[in-house]
Amino acid sequence: MQQQFDILIIGGGMVGCSLACGLAQLNLRVAIIEASPWNNEEQPSFDDRSIALSYTSKKILQGLNIWEALQEKVTAIKKIHISEKNSYPHQWLSAKQEKVPALGYVVENRHFGSTLQAMIARYENITLFTPAKLFRLQQYPHQVTITITQLEQEYTLTGELLVASDGAVSRTVDILGLQRQIRSYGQYALITNVITEYPHNNIAYERFTDNGSVAFLPLRDNRCAVVWSIQEHQLAEIMALDDHAFLTTLQSQFSWRLGELKQLGKRQRYPLQCMSLNQLYQHRCVVMGNAAHTLHPIAGQGFNLGLRDVALFLETIKDEDNNININKLHKYEQQRLQDIQITLQWSDQLIRLFTHHNPLFKTLRTGGLLAMEIFPPIKHFIARHGMGYNGKISRLASGLAP
Ligand SMILES: Cc1cc2nc3c(=O)[nH]c(=O)nc-3n(C[C@H](O)[C@H](O)[C@H](O)COP(=O)(O)OP(=O)(O)OC[C@H]3O[C@@H](n4cnc5c(N)ncnc54)[C@H](O)[C@@H]3O)c2cc1C
């Protein structure tokens, strides 16, 4: 038997679930097909990471009615401190200077995941298929038909549109035959949580080191989420260190700005790559989130970028008569590609600039940090970029309904 929906979403991670909440509010019938069991422990999108949400992401989440439930779980970033190891110049970005309550907010993925899942449970027009996988996809002039397998049963579902948000190794992208541009950075992101001697005072730290970068993001209960980018060849050695030796090594990379690093949480690692698509849709199938673009976490922009996909998509798909209209997908694609390219290039350039040992690059880095002080517009530009003001600003990011 075929089950009919308006929109089929493959991948119920952070992007797919945020999108589902927005579509449900537009009174559309939504199906989420998620490969992992629907509980926090085994859901890879809602793992031990913490993510920095930009200021515009907060606005989008407010518009999707997610923020209200999430806000008690987030920690505001009031200031960002940028520095380089073994180099004097450093910089501050501040919410006060940008005239906003916070530059961004940090949330643990597990908390974000449980908030999204609780919201989804309340929408009667969202149907979950989990653990389930896409098996076959066929596009017709007026609909998309998919076959999925769930607990060894096959189901056929149809929708007017399909959204692929099934992550960086998206099977849907493979089935659609879209070409990926992939470049490995030869680095891993190592994440953990630490407790520090001094309070973080809502400051996020970005420190560039000899071989990568280390970010400390403020969390509740005076903890910090650490994202440490290291070279591939260092990974085994660093992962093998006992907690004490690990903290000592991390301390030497980060500095003593927060006093002694004390307690350590679980360590996880992620290989880092840059991936993008030239094409964000094919007929009635649209690709978004990590399935469409994967970037280095150095600037903390991956999910923020995915949420901007969601926001613009929501204001694109319905026409004046409240029907789903695929004619505007081309414009959606052009506008999103612009933001994606700028954001990818930005994090790419940061890595190149800060991981080069050439003395010329060292001079450029020092000059760059000094220039931010001498020319405040540069600082303002960087802060605005981090806050998510890139390319076409969606209605949701401007605080309006989609
Ligand atoms: C160390 C680290 C730190 C980061 N920090 C930040 C940050 O500070 N700020 C920020 O904005 N971003 C950050 N990011 C990026 C952010 O985590 C990602 O952009 C985000 O997780 C993308 O969400 P997604 O839903 O698109 O994909 P995913 O999180 O990969 O979710 C994909 C979902 O699809 C499901 N799935 C996979 N295959 C199938 C299939 N065949 N069928 C059905 N379902 C399937 C998966 O189970 C999963 O639930 C960071 C990333 C890393 C690695």
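The buried residues of helix 2 (55-63) are Tyr55, Thr56, Ser57, Lys58, Lys59, Ile60, Leu61 and Gly63. That is eight of its nine residues, so helix 2 is largely enclosed by the rest of the structure. Buried means that 20 or more other C-beta atoms lie within 10 Å of the residue's own, exposed means 12 or fewer, and partly exposed lies in between, with C-beta atoms placed from the backbone. The model is predicted: local features need pLDDT of at least 70 and side-chain atom pairs count only at pLDDT 80 or more, while totals for chains, interfaces and linings use all residues. Residues are numbered from 1 along each chain as its sequence is written.

- Helices (H or I, at least four residues) and strands (E, at least two) are DSSP runs, numbered from the N terminus.
- The cover over the buried residues of helix 2 includes strand 4, helix 3 (67-70), strand 8 and helix 9.
- Asn65, which follows helix 2, has a positive phi, near 60 degrees.
- Three strands form an open sheet in the order 4-8-5, with antiparallel pairing; two strands pair if DSSP finds at least two bridges between them.
- Strand 4 and strand 5 (75-77) are the edge strands, and each pairs on one side only.
- From one strand to the next, the twist averages 30 degrees.
- Five bridges link strand 4 and strand 8 in the antiparallel sense, and Ile51 has Val107 in strand 8 as its bridge partner.
- Helix 2 packs on this sheet, touching strand 4 and strand 8, and its direction makes about 85 degrees with that of strand 4.
- For such angles, axes are lines fitted to C-alpha atoms, for helices over the stretch in contact, and values run from 0 to 180 degrees between N-to-C directions.

- A second open sheet has six strands in the order 9-3-2-13-21-20, with mixed pairing.
- Strand 9 (126-129) and strand 20 (281-282) stand at the edges with a single partner strand each, so one side of each has no neighbour in the sheet.
- Strand 3 (30-33) runs parallel to strand 9 and is joined to it by four bridges; Ala31 stands opposite Thr127 in strand 9.
- Helix 1 lies across strand 2 (7-10), strand 3, strand 9 and strand 13 (161-164), at about 170 degrees to strand 3.

**Ligand shell**

- The ligand is surrounded by 36 residues, the closest being Gly11, Gly13, Gly167, Gly289 and Gly302; a residue is near a molecule or strand if its C-beta atom, placed from the backbone, lies within 6 Å of it.
- Elements giving two or more residues to this shell are helix 1 (14-25), strand 4 (50-54), strand 10 (132-139), strand 14 (180-196) and helix 9 (302-316).
- Helix 9 gives the most, with four residues.

**Domains and their contact**

- The protein is divided into domain 1 (2-75 + 103-181 + 273-386) and domain 2 (185-272), with bounds from an automatic or database domain assignment.
- The domain centres, taken over C-alpha atoms, are 26 Å apart.
- The contact takes 16 residues from domain 1 and 20 residues from domain 2; two residues are in contact if their C-beta atoms, placed from the backbone, lie within 7 Å.
- On the domain 1 side, strand 4, strand 8 (104-108), strand 19 (268-277) and helix 10 (329-355) give two or more residues.
- Helix 10 gives the most to that side, with three residues.
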